Amino acid sequence: MSEKINKESSKKHFSLLELTKSIESVIKKTYTRSYWVKAEIAKLNYYPKSGHCYPDLVEKENGVVLAQIRATIWAGQFNEINNKFLSVTKEPLSDGMTVLIRTSVSYHPVYGLGLHINDIEPSFTLGEMAKEKLVSIEKLQLNGIFNNNKQLKPDLLMQRIAVISVETSKGYHDFTKIINENDWGYEFFHMLFPALLQGEGAISSITEQLNQIKKAQKYFDVVLIIRGGGGDVGLSSYDNYKLAKAVALFPLPIITGIGHATNETVVELVAYKNKITPTDVGYYLIQRFHNFSARIQNAQNTLVNKSKQITNNEKLNLKNIGVVLKNGSDALIYNNRLKFTSTAHSFNRVSVSFIQSQKLSFASLTSALSYKPKLLISQQEKQVQQLEKQLLTSVKTNMQSSNTRISSLSDKLRLLNPQNILKRGYSITSHKGTMVLNTNELKVDDIVETQTYKGSFTSKVQSVNKK
Amino acid sequence: MKKEIPYTQAIEELEEIVSSIENEDVNVDELSVKVKRAAELIKICKNKLHNTEEEVVSILKDINS
């Protein structure tokens, strides 16, 4: 590099290209080979269209960026590097990863300083991931919250389910099919809280949905994080401390079914249960229903059998009592019958003699009865005859005295007859049919009739001598 | 109508009744009362298996509050 002299300023100077070219040559001389460098991918900056990748690499300490540099992975190498990485770590290259890169340092007068990444060692990242996992576990244990979710005492039935999943995922579909179409008619209520389930975004997405569910926790018995069809890829976020902490501290039991067969992630470790696949989660929930149903059935069976037994025992008791009662009463009846028979005999005897005595007295009564009335009747007859006689006598006497009186009376009557009086010369004078007893009744010239014993005559009153 | 007891309580009471009958702590008069109560509890528990009452609307209301 040679300095030039500018006339106007009279200072020596270089052109920019000269400087940058100079830098380029220094760097080329200094950094002659590839170096293994540990760095964190702050941002991957992969452009699928061109296939090139321009990761921002950083080194941080306590969140403070200590170093930063732009890197390049050319399209020709990116797929190879990424596939190898994916097969070992089960994660694609992504933001936030700590990687061990093999890189050369390059400088270009236009594009500046950069690193050319020509290889990435996946086992290093795997180790870093394992380290992060260990750190997460240690932190959870240190804070005493590792077993919090496991120690929850959930309801017997996990019937109301908040599902964190992706609506279109196979795992979610498998799960809903199992619980919606169960053969026992068990009824579940489930509600989907959609979230990203893999990659860096999963941490915040799942945490956010957990916060939502927490607001409505009284409506749910359990939270599921289920994922399926994604294989073992993209699970490193489940080792993240923040996410694992959110799961561990969640007030409802969380069951995971994020579908992989290798080592459990921290989230799975702290969850209430890890059932690996969504299908298994579905069967687990149904099994809890079975267990509850079996308890009811057992209780019911025991109840029926035991009640039958108690009732049968009671029946037997009653039967025994019945036998005792029957035997007792039979004996009693027999004894009483004996007593009764003897009583009957004596009664018979007594009554026969009684009847006989009664008969006797009755017979005497009868004879008395037949004798007495005859006597009475004959007495009465005699009395009547005597009364007849008396009556006859008294009537005769009465008649005689009556006859005497009648003849005296007829004598008197005969004497009193006016004919007889007229015979003796007396006459009866009457005026207008009325006997004249008083001359006051007569006037001069009255015509009077005079009756004599034999015949009558009329006369005219010449004078009246009043008395 | 009185509120139905929670199913957890129901099955506990049910199993209590069953164990008291199992221990033959009951006479025949109590037995019929207990069996009647047990039948009610069984009904509550079985009913729980086949029914839920949650409403998405009220859940969303809580979430968005």
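1. A word on terms before the sheet: two strands count as paired if DSSP finds at least two bridges between them. With that in hand, chain A of this predicted model has an open sheet of five strands in the order 9-8-10-11-12, with parallel pairing. Strand 9 and strand 12 (273-274) of chain A are the edge strands, each pairing on one side only.

2. How many bridges join strand 11 of chain A to strand 12 of chain A? Two bridges join them, and the two strands run parallel. Across from A:Asn274 in strand 12 of chain A you will find A:Thr256. In general, the strands of a sheet pair through backbone hydrogen bonds, in either a parallel or an antiparallel way.

3. Next, please look at helix 4 (residues 170-180) of chain A. Its buried residues are A:Gly171, A:Tyr172, A:Asp174, A:Phe175, A:Thr176 and A:Ile179. An α-helix has 3.6 residues a turn, so residues three or four places apart point the same way. What covers the buried residues of helix 4 of chain A includes strand 8 (160-165), strand 9 (189-194), strand 10 (222-226) and strand 11 (254-257) of chain A. Helix 8 (278-416) of chain A is also included in that cover.

4. Some totals for the two chains. Chain A has nine helices and 16 strands, and buried residues make up 24% of its 467 residues. Among contacts in chain A between residues at least 6 apart in sequence, 62% join residues at least 24 apart. Chain B has three helices and zero strands, and its elements run α-α-α from the N terminus on. Of the 65 residues in chain B, 18% are buried.

5. Now for the contact between the chains, to which chain A brings 28 residues and chain B 25 residues. Strand 9, helix 5 (201-215) and helix 8 of chain A each supply at least two residues of the side of chain A that touches chain B. Which of the elements gives the most to that side? Helix 8 of chain A does, with 13 residues. By class, the residues on the side of chain A that touches chain B are 14 nonpolar, seven polar and seven charged.

6. The pairing of helix 8 of chain A with helix 2 (residues 28-49) of chain B deserves a point of its own. Their axes come within 11 Å and cross at roughly 165°. Angles over 145 degrees count as roughly antiparallel, and helix 8 of chain A and helix 2 of chain B are therefore roughly antiparallel to each other. The crossing of these two helices is left-handed. Among the residues that meet here are A:Phe289, A:Phe292, A:Ile296 and A:Leu303 from helix 8 of chain A, and B:Leu31, B:Val35, B:Ile42 and B:Leu49 from helix 2 of chain B. The contact of helix 8 of chain A with helix 2 of chain B has twelve nonpolar, three polar and two charged residues.

7. Last, two backbone angles to check. Most residues other than glycine have a negative phi. A:Asn62, in the loop between strand 4 (56-61) and strand 5 (64-72) of chain A, has a positive phi near 50°. A:Asn62 is exposed, with 5 other C-beta atoms within 10 Å. A:Lys432 also has a positive phi, near 50°, and sits in the loop between strand 13 (428-431) and strand 14 (434-435) of chain A. A:Lys432 is exposed, with 10 other C-beta atoms within 10 Å.

Key:
Residues are numbered from 1 along each chain as its sequence is written. Chains are lettered from A and ligands numbered from 1 in the order in which they are written. This is a predicted model: local features need pLDDT of at least 70, side-chain atom pairs count only at pLDDT 80 or more; totals for chains, interfaces and linings use all residues. A residue is buried if 20 or more other C-beta atoms lie within 10 Å of its own, exposed if 12 or fewer, and partly exposed in between; C-beta atoms are placed from the backbone. Helices (H or I, at least four residues) and strands (E, at least two) are DSSP runs, numbered from the N terminus. Two residues are in contact if their C-beta atoms, placed from the backbone, lie within 7 Å. Ala, Val, Leu, Ile, Met, Phe, Trp, Tyr, Cys and Pro count as nonpolar, Asp, Glu, Lys and Arg as charged, and the others, Gly among them, as polar. Axes are lines fitted to C-alpha atoms, for helices over the stretch in contact, and angles run from 0 to 180 degrees between N-to-C directions. Angles under 35 degrees count as roughly parallel, over 145 as roughly antiparallel, 65 to 115 as roughly perpendicular and the rest as oblique. A crossing is left-handed if the near helix is turned anticlockwise from the far one by less than a right angle, and right-handed if clockwise.
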